Amino acid sequence: MRVTECAQQAVRHAQGEAGRLGHDRIGTEHLLLALLRDQECLATAILGERGVEVEALRRRVEQSAGPGKGDRPVTDDVLEAGEHLPMTKPVTLVFGLAAREARELEQDRVGTEHLLLGLAREGDGVAARALEDLGAGLLELREAVVSVYSAGADPEPLPADRGRPAWEPPAGAHLERVLPLVSEHPLPSGDLLVLLSLEIWSDWFDLRYAIVYATPEPEGDLPRPSVLGQCEVSDRAGTKYKNWVSSSPAFGMVRSHQHTFVPAPPPGTEVLELRFNTPSAAAGDGPPLVVSTVVL
């Protein structure tokens with residue numbers, strides 16, 4: 001089951017809400033606060049159906065959560081620069097409960113309304129208690145969801161289809177050599193980047209690596225937050241390499257990735273430098289998380 005763009009955005013914003021409050025991990029309260037950011041999503045429409053004021057709920061959640069023990073709040077800018085917060089077990093449970101709610105309501109996608117139901121269904125977290133206190137328990141929210149559906153509310157959109165890749169391997173391509181890399185690089189998130197191999201073909205080369213996650217796979221269909229951003233490659237000759245293809249599996253504590261770069265390293269290239277950026281960072285913005293040199 002796919003996840004709507006609004007729901008994915010709420011998961012990303014939950015990290016910023018935790019950082020803003022000075023907390024060192026993402027709890028159910030932060031996911032609820034992230035849902036309240038978007039006044040156009042179905043979650044806020046559901047709360048409106050129950051007569052719950054967004055600002056009143058936000059104040060209740062923040063008062064219940066309290067300030068963090070950190071020396072300073074972690075802003076969205078800091079998080080984008082490479083600082084990532086782990087998710088608590090109740091949050092990963094909420095993801096699974098949200099997917100279950102979507103199936104029980106016979107929906108073809110997980111939206112913010114299902115995240116809201118998942119928060120209420122979890123029952124023990126700050127979010128569930130705040131919702132219950134304001135008259136938005138699980139049963140009441142389910143009734144409101146059905147009411148909003150019956151009124152003809154449009155489902156939240158899914159992320160845009162990426163379509164076909166902009167580059168495809170030419171006919172007659174052949175593999176020239178494979179370089180084992182086998183190096184490990186700790187990430188600020190607590191996870192581990194493992195460089196596996198470099199496959200040099202006639203017109204391109206493939207970089208293969210894996211991320212070994214430090215926390216168990218979240219339940220449900222929502223993705224893990226990104227712990228690593230775009231990979232850039234350079235050589236001493238200043239060759240312009242384009243990263244056309246990126247692929248990875250959708251689940252697992254160890255996820256292997258492949259990036260395809262065009263063109264192949266020119267004859268005489270001795271060294272390639274690999275730079276992995278922070279999540280959501282544009283090319284060349286800020287210092288990279290990991291830099292590794294490959295001798296060809």
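**Helix packing and strand pairing in a predicted model**

Helix α8 is followed by G135, whose phi is positive, near 80°; helices (H or I, at least four residues) and strands (E, at least two) are DSSP runs, numbered from the N terminus. The model is a predicted one, in which local features need pLDDT of at least 70 and side-chain atom pairs count only at pLDDT 80 or more, while totals for chains, interfaces and linings use all residues. Residues are numbered from 1 along each chain as its sequence is written, and side-chain values use heavy atoms, with hydrogens and water left out.

In the chain there are nine helices and 10 strands. Of its 296 residues, 47% are buried, where buried means under 20% relative accessible area, exposed over 50% and partly exposed in between (1.4 Å probe, protein chains only). Contacts, defined by heavy atoms within 4.5 Å, were also examined by sequence separation: among those between residues at least 6 apart in sequence, 66% join residues at least 24 apart.

Two packed helices are described by the angle between their axes and the distance between the axes. Helix α7 (residues 112-122) and helix α8 (residues 126-133) pack at an angle of about 95°, with their axes 7 Å apart; axes are lines fitted to C-alpha atoms, for helices over the stretch in contact, and angles run from 0 to 180 degrees between N-to-C directions. α7 and α8 are therefore roughly perpendicular to each other, given that angles under 35 degrees count as roughly parallel, over 145 as roughly antiparallel, 65 to 115 as roughly perpendicular and the rest as oblique. On the α7 side the contact is made by L116, L119, A120 and E122, and on the α8 side by A127, A128 and L131. By class, the contact of α7 with α8 has six nonpolar, no polar and one charged residues (Ala, Val, Leu, Ile, Met, Phe, Trp, Tyr, Cys and Pro count as nonpolar, Asp, Glu, Lys and Arg as charged, and the others, Gly among them, as polar).

The buried residues of α8 are V126, A127, A128, A130 and L131, and they pack against α2 (28-37), α3 (42-49), α4 (54-65), α7 and α9 (138-150). In α2, nine of the 10 residues are buried, so this helix is largely enclosed by the rest of the structure. The buried residues of α2 are T28, E29, H30, L31, L32, L33, A34, L35 and L36, and what covers them includes α1 (5-20), α3, α4, α6 (89-104), α7 and α8.

Strands of a sheet pair through backbone hydrogen bonds, either parallel or antiparallel; here, two strands pair if DSSP finds at least two bridges between them. Five strands form an open sheet in the order β3-β4-β5-β8-β7, with antiparallel pairing. At the edges stand β3 (175-186) and β7 (242-247), each with a single partner strand, so one side of each is left without a neighbour in the sheet. Neighbouring strands of this sheet are turned by 20° against each other on average, direction ignored. β7 is joined by five bridges to strand β8 (residues 254-262), and the two run antiparallel, with K242 standing opposite V262 in β8.

Strand β9 is mostly covered, since five of its six residues are buried. Five bridges join β9 to strand β6 (residues 231-235) in an antiparallel arrangement, in which S234 stands opposite E273 in β9. β9 also pairs in the antiparallel sense with strand β10 (residues 290-295), over six bridges, and V271 has V295 in β10 as its bridge partner.

Several backbone features were also noted. The peptide bond from V262 to P263 is cis, with omega near 5°, and P263 is found in the loop between β8 and β9 (271-276). Positive phi values in residues other than glycine include that of E106, near 60°, and that of V182, near 50°. E106 is found in the loop between α6 and β2 (109-110) and, at 72% relative accessibility, counts as exposed. V182 is found in strand β3 and, at 69% relative accessibility, likewise counts as exposed.

With a disulfide taken as a pair of cysteine sulfur atoms within 2.5 Å, the count comes to zero disulfides. The sulfur of C6 is 6.3 Å from the closest cysteine sulfur, in C41, which is too far for a bond. C231 is buried, with a relative accessible area of 1%.
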